Amino acid sequence: MNSVNGKYHQSLDGLAENPLRRTWRGNQQGTIELSTVPKFDNPHEEREWIKEHMAAAFRYWGKCGYGEGVSGHITVRDPVLHDHYWMNPFAEHFSTITKSMLVLVGPDGYVSPHGAQLPINSSGFYIHSAIHKARPDIKAAAHCHSLHGKAWSAFGRPIDILTQDSCLFYDNLGVYQNFGGVVLAEQEGRNIADALGPKWKTCILQNHGLLTCMSLYLDMLSDLGNTVDEAAFLFGALDRLCHVQLLAESAEANGIRKSVISQEDARFTAKTIQWWENVYVNFQPEYKLLLQETNGAFLK
């Protein structure tokens, strides 16, 4: 804790090295543990786990009301065939997606024989194939036309860091400041991938919507951080924060000044809440609720 101009700022001194461990407490005996992402020795078992959580991500989008006709797609790299990725089928509502409906897309951009034999979205192919090619570290990517996301995208601006939750996107948000029409060509997909740059995991696509990704964390603590759960939670969080931004802009237009979080405090907060395990864990209440509400129907 330090003071600058009379204002106190927290520091990471004395806190757990693992950012997830900073966020929860167990008993004094150390026998209570928090479950996170399972580790797999068998890539085929990992594939099935990924597909289950991917189906849950679509059900979550359906609950959030993100459906907009045939728009919207999530892709996840396959752990068995590394140059393939899983994707949702074309013209199926998010709320109906099941594990067995997921399509495996090959490196040629066409439906492979190893998943559901259903058509995929052409725009989704152009956007996601360009992202996975430009950023090999990205394992999962999510995009759809959510209401508040596409409303705020009309400004071609990032969100301000106005709340604790918005620190998820501190120094982690790009903006594609162009709209080249519905994505039906490779170049527009590459333009969107370029807007992500070499490090950002989220992006606002002007006049279009939101894009969230999850990539490998390569550091001393972990070589993981690539779940579809993270991409799904980040998308929902960014859409809600676009709503917050629109409300704050409306209030400010009527003379109420908004207060933006300082870079120091935003950076401190981001170093904990942006950690991949924390993002993953934040999606688990939704996953468990979906299991209860659907009686596990999306696992079929």
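Me: Which residues of α5 meet which residues of α7?
Reply: In α5, D229, E230, A232, F233 and L234 meet W276, V279, Y280, N282, F283 and Q284 of α7. Contact means heavy atoms within 4.5 Å, and helices (H or I, at least four residues) and strands (E, at least two) are DSSP runs, numbered from the N terminus. The contact of α5 with α7 comprises 7 nonpolar, 2 polar and 2 charged residues; Ala, Val, Leu, Ile, Met, Phe, Trp, Tyr, Cys and Pro count as nonpolar, Asp, Glu, Lys and Arg as charged, and the others, Gly among them, as polar. The model is predicted: local features need pLDDT of at least 70 and side-chain atom pairs count only at pLDDT 80 or more, while totals for chains, interfaces and linings use all residues. Residues are numbered from 1 along each chain as its sequence is written, and side-chain values use heavy atoms, with hydrogens and water left out.

Me: How is the packing of α5 and α7 described, and at what angle do they pack?
Reply: Two packed helices are described by the angle between their axes and the distance between the axes. Here α5 and α7 pack at about 75°, their axes being 8 Å apart. Axes are lines fitted to C-alpha atoms, for helices over the stretch in contact, and angles run from 0 to 180 degrees between N-to-C directions. The two helices α5 and α7 are therefore roughly perpendicular (65 to 115 degrees; under 35 is roughly parallel, over 145 roughly antiparallel, and the rest oblique).

Me: Which residues touch the most other members of the largest nonpolar core?
Reply: In soluble globular proteins, nonpolar side chains tend to be buried together. A nonpolar core is a set of buried Ala, Val, Leu, Ile, Met, Phe, Trp, Tyr and Cys residues joined through side-chain atoms within 4.5 Å. Buried means under 20% relative accessible area, exposed over 50%, and partly exposed in between (1.4 Å probe, protein chains only). The largest core has 57 residues, of which M54, F58, W61, I74, I159, L168 and F169 touch the most other members. Elements giving two or more residues to this core include α1, β3 (73-77) and α6 (263-273), and the largest share, 10 residues, comes from α5. Apart from this core lies another, of 15 residues, among them A130, I131, C203 and C213.

Me: Is Y60 buried or exposed?
Reply: Y60, in helix α1 (residues 43-64), is buried, at 3% relative accessible area. Beyond residues up to four places away in sequence, Y60 touches A232, G236, R240, F283, E286 and L290. The C-alpha atoms of Y60 and Y287 are 8.0 Å apart, although 227 residues separate them along the chain.

Me: How many salt bridges are there, and which parts does the pair of E48 and K99 tie together?
Reply: Side chains of opposite charge can pair when their charged atoms come close. A salt bridge is a side-chain nitrogen of Lys or Arg within 4 Å of a carboxyl oxygen of Asp or Glu, and the count by this rule is 14. E48 pairs with K99, the closest N and O atoms lying 2.8 Å apart. E48 is in helix α1 and K99 in the loop between β4 (85-87) and β5 (103-105), so the pair ties together parts 51 residues apart in sequence. E48 is partly exposed at 30%, whereas K99 is buried at 13%.
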